[in-house]
Amino acid sequence: MSQPKHLPASQAGSQQDTLPPTSTQMMSPWGRQMRQLGLFFAGAGFLAASVAVSRRSVMRKQLASLPKFYSSNRNPVKVDSSERSLLAVEALGLATLNVMSFAIFLTGGLSWAFDLCSVKELQQRTHAAVSRTGTVNPEDEKELEEMMDSLLAKLGMEKPQASDSELPQQEAPKQ
């Protein structure tokens with residue numbers, strides 16, 4: 001998100017924290033749920049339809065492969081290479097259909113589970129999560145370092161030496 005040019009940096013940073021709610025955030029809870037579950041049920045319908053189409057196609061191919069009642073089983077079935085190519089293209093198409101319908105189903109389920117109604121909401125939440133600062137307790141870091149040193153000593157391994165770029169910069173003492 002870029003900062004407006006007419007605002008100073010301090011005001012632009014505070015503007016990001018108070019973003020106006022989107023139209024989907026102002027919806028009633030039932031309206032949000034119905035919108036989210038609409039994509040979920042659409043995905044479930046597409047998935048059921050694609051499974052039915054795939055099953056029908058496989059059953060049709062299996063029935064076509066059975067020999068006719070009055071045919072000899074001594075003659076091998078001759079398969080043309082063009083038939084194999086068409087079969088591969090059909091299988092790829094059915095697999096793509098199944099995967100895409102499952103992706104719609106999964107997207108609807110995740111949007112309901114994470115209470116998302118639009119891509120803009122997803123961007124806002126992602127930006128908020130990424131820009132959040134972490135809290136690291138220096139005492140816990142020191143304890144972890146000591147534990148790793150003792151573990152490396154038990155295994156008979158040497159402690160790796162940190163390079164100059166990895167060492168934390170210490171502040172100069174204030175006078």
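Colleague: What makes residues 91–114 a helical span in this model?

Modeller: The span is 96% helix and 0% strand, with its end C-alpha atoms 34 Å apart. Bear in mind that this is a predicted model. An unreviewed UniProt entry lists residues 91–114 under "transmembrane region", along with residues 36–53.

Colleague: And what do residues 36–53 look like in the model?

Modeller: That part of the chain is 100% helix and 0% strand, and its end C-alpha atoms are 26 Å apart.

Colleague: Why is Asp115 called partly exposed?

Modeller: Its relative accessibility is 33%. Buried would need under 20% and exposed over 50%, so Asp115 lands in between and gets the partly exposed label.

Colleague: How do you know that Asp115 and Arg32 form a salt bridge?

Modeller: Their closest N and O atoms are 3.3 Å apart. The rule asks for a side-chain nitrogen of Lys or Arg within 4 Å of a carboxyl oxygen of Asp or Glu, so the pair qualifies. The two partners come from distant parts of the chain, 83 residues apart: Asp115 sits in the H3–H4 loop and Arg32 in helix H2 (residues 29–65).

Colleague: Is Arg32 buried or exposed, and what decides that?

Modeller: Buried: Arg32 has 9% relative accessibility, and the cut-off is under 20%.

Colleague: What about Arg125 and Asp115, why does that pair count as a salt bridge?

Modeller: The closest N and O atoms are 4.0 Å apart. Since the limit is within 4 Å, the pair is counted as a salt bridge. Arg125 belongs to helix H4, 10 residues from Asp115 in the loop. At 39% relative accessible area, Arg125 is partly exposed.

Colleague: Which residues do shared partners join into one network?

Modeller: Arg32, Asp115, Glu121 and Arg125, through salt bridges that share partners.

Colleague: How many salt bridges does the rule give?

Modeller: The count is 5. One of them pairs Glu90 with Arg60, the closest N and O atoms being 3.7 Å apart. Glu90 in helix H3 and Arg60 in helix H2 are 30 residues apart.

Colleague: Which residues make up the negative patch on the surface?

Modeller: Glu139, Asp140, Glu141, Glu143 and Glu146 gather there.

Colleague: Which residues make the nonpolar surface patch?

Modeller: Leu144, Met147, Met148, Leu151, Leu155 and Met157, covering about 590 Å². Met147 is placed in helix H5. With 48% relative accessibility Met147 counts as partly exposed, because exposed needs over 50%.

Conventions:
Residues numbered from 1 in each chain as written. Predicted model: local features only at pLDDT ≥ 70, side-chain atom pairs only at ≥ 80, totals over all residues. Heavy atoms only, no water. Patch = residues over 30% accessible without salt bridge, like charges linked within 9 Å, V, L, I, M, F, W, Y side chains within 5 Å. Areas by Shrake-Rupley, 256 points an atom, 1.4 Å probe, with all protein chains shown as cover. Lys, Arg positive; Asp, Glu negative; His and termini not counted. Charge placed at Lys NZ, Arg CZ, Asp CG, Glu CD. UniProt positions renumbered as here; feature names shortened; annotations may be inferred. Helix = DSSP H or I, 4+ residues; strand = E, 2+ residues; numbered from the N terminus. Buried < 20%, exposed > 50% of the residue type's maximum accessible area, 1.4 Å probe, protein only.
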